[in-house]
Amino acid sequence: MTNTRSSIRFHLRGGVCFLLSIILSGLIQPALAKDDSKPTKDKGSSKKAEASTAFFAADSVPNLKLELPPSEIESLKKDARTYVKCKIVENGETTFTDVAIKLKGAAGSFQEIDQRPAFTINMDRFTEDQSFHGLDKFHLNNSVQDETYLHELLCSHLFNQAGIPAPRVAHARVWLNGKDLGLYVVKEGFDKNFLKQHFVNSKGNLYDGGFLNDVDGELDRDEGKGPENRSDLAALAEACRVEQLDERWPRLEALLNVDAFITFMALEFMTGHWDGYCLNQNNYRVYFDPGDNNRAHFLPHGMDQMFGDPGASILSAPKALVATAVMQNPAWRQKYREKIKSLLPSFAPDGLKKKALSTAANLKPALESMGEEAQKQHHERVQELLERITARASNLQEQSDAPEPQPLAFDDQGHAELDNWVPRQETGEAQLEDINEEGKPRLLLLGCGEGEETIASWRTSVLLAPGHYRFEGKAKSKDLKALETEKGTGGGLRISGENRTNKKQGTGNWSPLQYEFSVDAERQVELVAELRASKGQLWFDTKTLRLVKLKEPK
């Protein structure tokens, strides 16, 4: 047997995710419609609605030239999140002046103004009644984490046709002060016009989930005339924590549209939205709909990293507060399983491929004008997406027929070995290698990119019954210059969503690390073996990585 060494290097720009598309028109249809951009409801201005519908249904890719004076450029360098004024020229013909613009993006997608930034555009902030094809607010996403430029569009279509409101998506070629920034994703903003499209009453509170915040966090209210003290969010969070289950379910059902949430949750899992609400308490909006007794509706966001893993689980327990509470109700869990099966026909590879190829064909002229290499790379990324579509369809069918997962089993000594380690990169260009050489221990390597602050990890997810646990293992390091962060310092072990004090730094031989935690109800827990450093390398010995069930907390 020859030695094997599998090496996986992840770059934020290079990750290609698998995305899907679906059409539901009352009943689920196996084929995709030509025009999927028409919103389900429209109570706003008919002219704006018609203009925006036409824009998102168009096959062409407009040229947008952004012009900012030097003073406004300097302002964005000092404060990227505060609006400044710019001019937009569309296709060399239509000019919009005094347009509000700022930079957007979080870890992985944010870039400075002198790089290839993503933008938020507000048309009427400085000029009353000004709009762009009926849009008061929209985004220009740099798509640095999706080289197909298709993920957001396909998943937006998927959610909308399933009855879960999501922003519509198009594309544009963008220049900034004469600098060609390339192809961008144009995404509709979450604003009053968006709410009017999808809800009979648009006066409810709309909250932005922000970065890694659950509903019990200090979410920003973007729209609404409801309570200003977040009491609607607080009531929802409190209902999720009611200990008496016969009291929890009616309270939760009075505050949450459970059927809509189950559909939202099923689609997040089926599309592998690891950075969404259910799996990461991230990238979402919550709307409290006055037309639905002020019940909460969850809306998807940030769908540019979908389905990197065609085998992503749809049966594992979620992490987010509302999702966990809903899944603990046996009747709602059964509804979730039924919803998964009802959505399966939408994932037929032929229909999804047709949608992806149709959109890619619309982008071809813009990519050709950017050069042969840009066109070639895009074609290769799309082909990889098509392969994932086929793989995901088969996997979803298999998982839908599988029995309910059972909690992790432990031996007589309370030990459980761990496997299925998956790499995750957050910042920098990390070196992530699964080293499996014959006759030697299997090692998980984490290394820093040259001259870059790096946060990366190996992760595995396990379903745990209530109890107290210790996550332990051995690690060694070389020239490790640790970063001190809230989550932890240097190398270490923890669970997702929590902070650690154990650490490995500098140069050191194999030594033990451990992290204790408790689980109060059956749930999925993600175990994290991570690196937070600006220099050096870290190794974990997989044979020593295990979970220990303790009798009682120390």
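Modeller: A salt bridge here is a side-chain nitrogen of Lys or Arg within 4 Å of a carboxyl oxygen of Asp or Glu. This is a predicted model, where local features need pLDDT of at least 70 and side-chain atom pairs count only at pLDDT 80 or more, while totals for chains, interfaces and linings use all residues. Residues are numbered from 1 along each chain as its sequence is written, and side-chain values use heavy atoms, with hydrogens and water left out.

Biologist: What makes Asp 292 and Arg 295 a salt bridge?

Modeller: Their side chains meet at 3.2 Å, N to O, and the limit is 4 Å, so the pair qualifies.

Biologist: How many salt bridges does a search of the whole structure find?

Modeller: It finds 29. One of them joins Asp 136 and Lys 48 at 2.8 Å, N to O. That pair links distant parts of the chain, 88 residues apart: Lys 48 sits in helix 1 (residues 46-57), and Asp 136 in the loop between strand 7 (118-122) and strand 8 (137-141). Helices (H or I, at least four residues) and strands (E, at least two) are DSSP runs, numbered from the N terminus.

Biologist: Why is Asp 136 called buried, and why is Lys 48 called partly exposed?

Modeller: Asp 136 has a relative accessible area of 12%, so it counts as buried. Lys 48 comes out at 23%, so it is partly exposed.

Biologist: What about Glu 472 and Arg 470, whose side chains meet in a salt bridge?

Modeller: They meet at 2.8 Å, N to O. Glu 472 counts as buried because its relative accessibility is 12%, and Arg 470 is buried at 14%.

Biologist: Which residues are linked in a network of salt bridges?

Modeller: Lys 319, Arg 424, Glu 426, Arg 459 and Glu 526. Arg 424 also has a bridge partner in strand 19, Ser 457.

Biologist: How do you know that strand 16 and strand 19 pair?

Modeller: Pairing takes at least two bridges found by DSSP. Strand 16 (residues 422-427) is joined to strand 19 by five, running antiparallel. Strand 19 has eleven bridges to strand 23 (residues 523-541), antiparallel too. There, Leu 463 stands opposite Gln 524.

Biologist: What makes strand 19 mostly covered?

Modeller: Ten of the eleven residues in strand 19 (residues 454-464) are buried.

Biologist: Why do strand 12 and strand 14 stand at the edges of their sheet?

Modeller: That sheet is open, with four antiparallel strands in the order 12-11-13-14. Strand 12 (220-223) and strand 14 each have a single partner strand, so one side of each lacks a neighbour in the sheet. Six bridges join strand 14 to strand 13 (residues 284-289), and Tyr 287 stands opposite His 297 of strand 14.

Biologist: What does the lining of the second largest cavity have, by class?

Modeller: Nine nonpolar residues, two polar and no charged ones. Ala, Val, Leu, Ile, Met, Phe, Trp, Tyr, Cys and Pro count as nonpolar, Asp, Glu, Lys and Arg as charged, and the others, Gly among them, as polar. His 297 is among the lining residues, including Phe 261 and Phe 264, and strand 14 gives the largest share, four residues. A cavity is a set of points on a 1 Å grid over the protein atoms alone where a 1.4 Å probe fits but cannot get out; lining residues have an atom within 4 Å of a point.

How values were computed. 1 Å grid on protein atoms, 1.4 Å probe; cavity = no way out; pocket = protein on both sides within 12 Å on 5 of 7 lines; lining within 4 Å. Buried < 20%, exposed > 50% of the residue type's maximum accessible area, 1.4 Å probe, protein only.
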